[in-house]
Amino acid sequence: MASLSDLQDEYSFLDADDRYRLLIDLGRTLEPMPEALKTDATMVRGCSASVWVYPMVREDGTLHFLADSNAAITKGIIALVLLTVQDMLPAAILATDIGRELAPFDLKNQLSSNRTQGIPNMIALIVETARRYAAG
């Protein structure tokens, strides 16, 4: 998967249709999420598509997220969000302003509102997970 800054550089030169395609392609790079993990407990509320996020703590204490969606563009948005926090320590995730990291992608203006309405919920779930593991 490309780094967030590499992706920002590429994204800034693309027109709206190519940006949409780039997000769909990015979604294809998500690590497969086993069907057994796609439960009510891992579902992100408030998304127009079905979205599941499952956190795992690695031996080194970093958080690794498995995520999936039934919509291709939403998978791309998830992949973009995960690029900001994947495999980081909980404290580092809490110190990251995920919204600011995603700001250059201007998702609210690039995508329909029903495609972006779940982004704050995904971010909140990731931050809450990091907060829980940072405290524990």
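In which crossing, right-handed or left-handed, does H3 pass H8? H3 goes past H8 in a right-handed crossing. Keep in mind that this is a predicted model.

**H3 against H8**

- Helix H3 covers residues 72-83 and helix H8 covers residues 119-135; they pack at about 40°, and their axes are 11 Å apart.
- The two helices, H3 and H8, are therefore oblique to each other.
- On the H3 side, the residues that meet H8 are Ile77, Ile78, Val81 and Leu82, and their partners in H8 are Ile119, Met122, Ile123 and Ile126.
- Sorted by class, that contact of H3 with H8 comes out as eight nonpolar residues, with no polar and no charged ones.

**H2 against H3**

- H3 also packs with helix H2 (residues 16-27), this time at an angle of about 75° and with the axes 7 Å apart.
- That angle makes H2 roughly perpendicular to H3, since 65 to 115 degrees counts as roughly perpendicular.
- From H2, the residues in this contact are Tyr20, Leu23, Ile24, Leu26 and Gly27.
- They meet Ala72, Ile73, Lys75, Gly76, Ala79, Leu80 and Leu83 in H3.
- The contact of H2 with H3 splits into nine nonpolar residues, two polar and one charged.

**H1 against H2**

- H1 and H2 pack at about 150°, with 10 Å between their axes.
- H1 is roughly antiparallel to H2 as a result, because the cut-off for that label is an angle over 145 degrees.
- H1 passes H2 in a right-handed crossing.
- Leu7, Glu10, Tyr11 and Ser12 are the H1 residues here, and they meet Arg19, Leu22, Leu23 and Leu26 in H2.
- By class, the contact of H1 with H2 holds five nonpolar residues, one polar and two charged.
- Leu23 and Leu26 of H2 turn up in the contact with H1, and Leu23 and Leu26 are also listed in the contact with H3.

**The buried face of H1**

- Helix H1 runs over residues 4-12, and its Leu4, Leu7 and Tyr11 are buried.
- Looking down the axis of H1, these buried residues fall within an arc of 60°, so they line one face of the helix.
- The cover over the buried residues of H1 includes H2, H3, helix H5 (98-102) and helix H6 (107-110).
- Leu7 and Tyr11 are buried, and Leu7 and Tyr11 are also among the H1 residues that meet H2.

**Thr129, a residue in H8**

- Thr129 sits in helix H8.
- Its relative accessible area is 3%, so Thr129 counts as buried, the cut-off being under 20%.
- Setting aside neighbours within four places in sequence, Thr129 is in contact with Pro55, Leu63 and Phe65.

**Asn70, a residue in a loop**

- Asn70 is found in the loop that runs between strand E2 (63-69) and H3.
- With a relative accessible area of 55%, Asn70 is exposed, because the cut-off for exposed is over 50%.
- Once neighbours within four places in sequence are left out, Asn70 is in contact with Ala49, Ser50 and Trp52.
- Going from C-alpha to C-alpha, Asn70 and Glu31 are 14 Å apart in space, while in sequence they are 39 residues apart.

How values were computed
Residues are numbered from 1 along each chain as its sequence is written. This is a predicted model: local features need pLDDT of at least 70, side-chain atom pairs count only at pLDDT 80 or more; totals for chains, interfaces and linings use all residues. Side-chain values use heavy atoms; hydrogens and water are left out. Axes are lines fitted to C-alpha atoms, for helices over the stretch in contact, and angles run from 0 to 180 degrees between N-to-C directions. Helices (H or I, at least four residues) and strands (E, at least two) are DSSP runs, numbered from the N terminus. Angles under 35 degrees count as roughly parallel, over 145 as roughly antiparallel, 65 to 115 as roughly perpendicular and the rest as oblique. A crossing is left-handed if the near helix is turned anticlockwise from the far one by less than a right angle, and right-handed if clockwise. Contact means heavy atoms within 4.5 Å. Ala, Val, Leu, Ile, Met, Phe, Trp, Tyr, Cys and Pro count as nonpolar, Asp, Glu, Lys and Arg as charged, and the others, Gly among them, as polar. Buried means under 20% relative accessible area, exposed over 50%, partly exposed in between (1.4 Å probe, protein chains only). The arc is that of the directions from the helix axis to the C-beta atoms.
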